[in-house]
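Welcome! Here is a short briefing to read alongside the structure. Take a moment to look it over first.

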Amino acid sequence: MALQDAILTALAHDESSGYDLAKAFDVSVANYWTASPQQLYRELDKLEEAGLVAARHVAQSKRPDKRVFRLTAAGRKALRAHTLRSPKPLAVRDELLVQVAALESGDPEAIREHVVERMEAFEAKLATYRLVQERTLAGRSEEDFLASGEPVGQYLTLLRGISFEEENLRWGRRVIAVLDARELFAP
């Protein structure tokens, strides 16, 4: 999947400024795609040049003017075409997993610290996702939202993000328990 497809998806329901898009990527899109604000702005310019998005300037008082982007008909067509292609298989590249795999040759105490740090990040992401979930449901049951709420696709990806972070935490707790049980650390 290209960054282009993730941006087109993020713009599918409403127009957005680059700044707001970057905030959305930090929260709702982050559970399946990451990009820096600089990458987003570069890609938005490319998408505009390709005619897949259109920008309009919005004057603001006490702030610089901003550009707000929306999908064009060509952008919607490109997004639809993206949904017709089979996705590439998921490939995990995680430096922490390489460190854990090198446990016997490395520094177990440092690796344990890295796992604890990562677990803190997992917990923070999970808390953010839970907040987005609460706002999305807005007092409705999950079953009601899944039956008729919008946008259900974004909610389903949010559920995947929640499951992913919960599993990461389970794995981290297991690693810590094993390392502690094996007493691999200097006193």
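Does Ala138 count as buried or exposed, and why? Ala138 counts as exposed because its relative accessibility is 57%, and the cut-off for exposed is over 50%. Keep in mind that this is a predicted model.

**Backbone details in loops**
- Ala138 sits in the loop between helix 6 (108–137) and helix 7, and its phi is positive, about 45°, although it is not a glycine.
- Lys62 is another residue other than glycine with a positive phi, near 65°.
- You can find Lys62 in the loop between strand 2 (53–58) and strand 3; Lys62 is exposed, with a relative accessible area of 88%.
- The peptide bond from Glu150 to Pro151 is cis, with omega near -5°, and Pro151 belongs to the loop between helix 7 (142–148) and helix 8 (152–182).

- In soluble globular proteins, nonpolar side chains tend to be buried together.
- The largest nonpolar core here has 21 residues, and Ile7, Leu8, Leu11 and Phe25 have the most contacts inside it.
- Helix 1 (3–10), helix 2 (18–27), helix 3 (37–49), strand 3 (66–71) and helix 4 each supply at least two residues of this core.
- Helix 1 gives the largest share of this core, five residues.
- Another core, of 19 residues, lies apart from it and includes Met119, Leu126, Leu169 and Ile176.

**A nonpolar patch on the surface**
- Leu90, Val92 and Leu97 form a nonpolar surface patch, together having about 330 Å² of accessible area.
- Val92 lies in the loop between helix 4 (73–84) and helix 5 (95–101), and Val92 counts as exposed at 61% relative accessibility.

Conventions:
Residues numbered from 1 in each chain as written. Predicted model: local features only at pLDDT ≥ 70, side-chain atom pairs only at ≥ 80, totals over all residues. Heavy atoms only, no water. Patch = residues over 30% accessible without salt bridge, like charges linked within 9 Å, V, L, I, M, F, W, Y side chains within 5 Å. Areas by Shrake-Rupley, 256 points an atom, 1.4 Å probe, with all protein chains shown as cover. Salt bridge = Lys/Arg side-chain N within 4 Å of Asp/Glu carboxyl O. Helix = DSSP H or I, 4+ residues; strand = E, 2+ residues; numbered from the N terminus. Buried < 20%, exposed > 50% of the residue type's maximum accessible area, 1.4 Å probe, protein only. Core = buried A, V, L, I, M, F, W, Y, C linked by side-chain atoms within 4.5 Å.
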